[in-house]
Amino acid sequence: MSNISQILLMESLDISPFFSHFAALFGSLTYCLIIICNMTVLLTIALDRQLHKPMYVLLINLPINDMIGATALFPHLIHSIVSQTTSISNLACYLQALLVHLYCGGSLMILTVMAFDRYLAICRPLRYHTLMTTSNLRWIIAGMWLTDVVLVGSLFLMLTQFRLCNWRLADLYCNNPSLVKLVCENTTANNVYGLLITVLMQGTSMLTVLFTYGHILLTCILNRQADARSKALRTCGTHLVVFVVFELTTLFSVLSHRLSVSPFLRRSVGVSILVFPPILNPLIYGINTKEIRSKVVKAFSRKTKKFKNKTCA
């Protein structure tokens, strides 16, 4: 097993000392925006009993997962910019890589389960409440997270058995492909297992989402109510675009380590996976949803009114 006290070096952003504080400030504001937006969606659903429906109970997992992904990247990235160093301890690197992969796997599973929930609600409305009971919902959520932890955790458990003979990572953050490149032993088993769970998770997610949204689209086309049809198409269309973009960028990020791809392009796509979805998801899946938006606006108006009353008193 590799020495946990070993220090590794990641790729540098090449930011001059003059601009480093501006970059750190921008990174801090972006991280704060991600936390605020996702916490808003999370607390709105958690504190309002009217939103304790299957769709929103599943949705609450998305901001939790997005905050895991953002926290895996931003704190260390901001520290690296301020301190002008790219070093990271072996233990911290493994932890960061574990969180990054849990976030990616969690995103695929959560979006897949949410798509299946919409399929049942739109295409099988008479069976929806029979299937999506509180008990079944708990099992679905537990199974979703447990599968993610077991698949990703076992990958890194295999990786910790190897000895690292290099110290320079090929990315701006730690991940399994970059760490495998530092191993000086035969990593065939690790590579095969990594590709296997990538194909399993992404293939299953893609097939499920295509199946569910295909049936939703067909149901919407056959629906004679124009308002219901346009609402379903608008909502599901946005969700499908977000899922496909995330799926393709994640797949590219994984395969780019095995193909001849520009390092700059690989790093840019890799970082974008941890930056844009945590910002856009609470807006698209949360604030863009009428029920959640109305609750947020109402809570904000109530807080503003209280603040004005205190100021005037």
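Reply: Start with a term. Helices are DSSP runs of H or I with at least four residues, numbered from the N terminus. By that naming, α2 (54-59) and α4 each supply at least two residues of the lining of the second largest cavity. Keep in mind that this is a predicted model.

Me: What makes a residue part of the lining of the second largest cavity, and which residues line it?

Reply: A lining residue has an atom within 4 Å of a cavity point. For the second largest cavity these are M55, L59, M114, D117, R118, H239, Y285 and T289. Helix α4 gives the most, with 3 residues. The space there is about 80 Å³.

Me: How do the residues of that lining divide by class?

Reply: There are 4 nonpolar, 2 polar and 2 charged residues in the lining of the second largest cavity. Asp and Arg count as charged, and D117 and R118 are among the lining residues.

Me: How many cavities are there in the whole structure, counting those of 30 Å³ or more?

Reply: The search finds 4.

Me: Which elements give two or more residues to the lining of the largest cavity?

Reply: They are α4 (90-123), α6 (134-159), α7 (176-180), α8 (188-222), α9 (226-255) and α10. Helix α8 gives the most, with 6 residues. By class, the lining of the largest cavity has 13 nonpolar, 11 polar and 3 charged residues.

Me: What lines the second largest pocket?

Reply: The second largest pocket has 12 lining residues, and T44, K295, V296, A299 and F300 lie nearest its centre. Its volume is about 330 Å³. Two elements give two or more residues: α1 (17-47) and α11 (290-312). Helix α11 gives the most, with 7 residues. The lining of this pocket divides into 5 nonpolar, 2 polar and 5 charged residues.

Me: Now the helices. Why are α3 and α10 called roughly antiparallel?

Reply: Helix α3 (residues 61-83) and helix α10 (residues 263-287) pack at an angle of about 150°. Angles over 145 degrees count as roughly antiparallel. The value passes that cut-off, so α3 and α10 are roughly antiparallel. Their axes lie 9 Å apart, and the crossing is left-handed.

Me: Which residues make the contact of α3 with α10?

Reply: From α3 come L62, D66, G69, A70, L73 and F74. From α10 come V271, L274, V275, P277, P278, N281, P282 and Y285. By class, that contact has 11 nonpolar, 2 polar and 1 charged residues.

Me: How do you know whether α3 is roughly parallel or roughly antiparallel to α4?

Reply: The angle between α3 and α4 is about 155°, with their axes 9 Å apart. The cut-off for roughly antiparallel is over 145 degrees. Therefore α3 is roughly antiparallel to α4. The crossing of α3 and α4 is left-handed.

Me: What makes N61 and Q96 part of the meeting of α3 and α4?

Reply: Contact means heavy atoms within 4.5 Å. N61, L62, N65, D66, I68, G69, A72, L73 and H76 in α3 meet residues of α4. On the α4 side are Q96, L99, V100, L102, Y103, G106, S107, I110, L111 and M114. By class, the contact has 11 nonpolar, 7 polar and 1 charged residues.

Me: And why is α3 called roughly parallel to α6?

Reply: The axes of α3 and α6 cross at roughly 20°. Angles under 35 degrees count as roughly parallel. The crossing falls under that cut-off, so α3 is roughly parallel to α6. Their axes come within 13 Å, and the crossing is right-handed.

Me: Which residues of α3 and α6 meet, and how do they divide by class?

Reply: N61, N65 and I68 in α3 meet I141, M144 and W145 in α6. The contact of α3 with α6 has 4 nonpolar, 2 polar and no charged residues.

Definitions and conventions:
Residues are numbered from 1 along each chain as its sequence is written. This is a predicted model: local features need pLDDT of at least 70, side-chain atom pairs count only at pLDDT 80 or more; totals for chains, interfaces and linings use all residues. Side-chain values use heavy atoms; hydrogens and water are left out. Axes are lines fitted to C-alpha atoms, for helices over the stretch in contact, and angles run from 0 to 180 degrees between N-to-C directions. Angles under 35 degrees count as roughly parallel, over 145 as roughly antiparallel, 65 to 115 as roughly perpendicular and the rest as oblique. A crossing is left-handed if the near helix is turned anticlockwise from the far one by less than a right angle, and right-handed if clockwise. On a 1 Å grid over the protein atoms alone, a cavity is a set of points where a 1.4 Å probe fits but cannot get out, and a pocket is an open set with protein on both sides within 12 Å along at least five of seven lines; lining residues have an atom within 4 Å of a point. Grid points are joined across faces, edges and corners, and a volume is the space filled by probe spheres set on the points.
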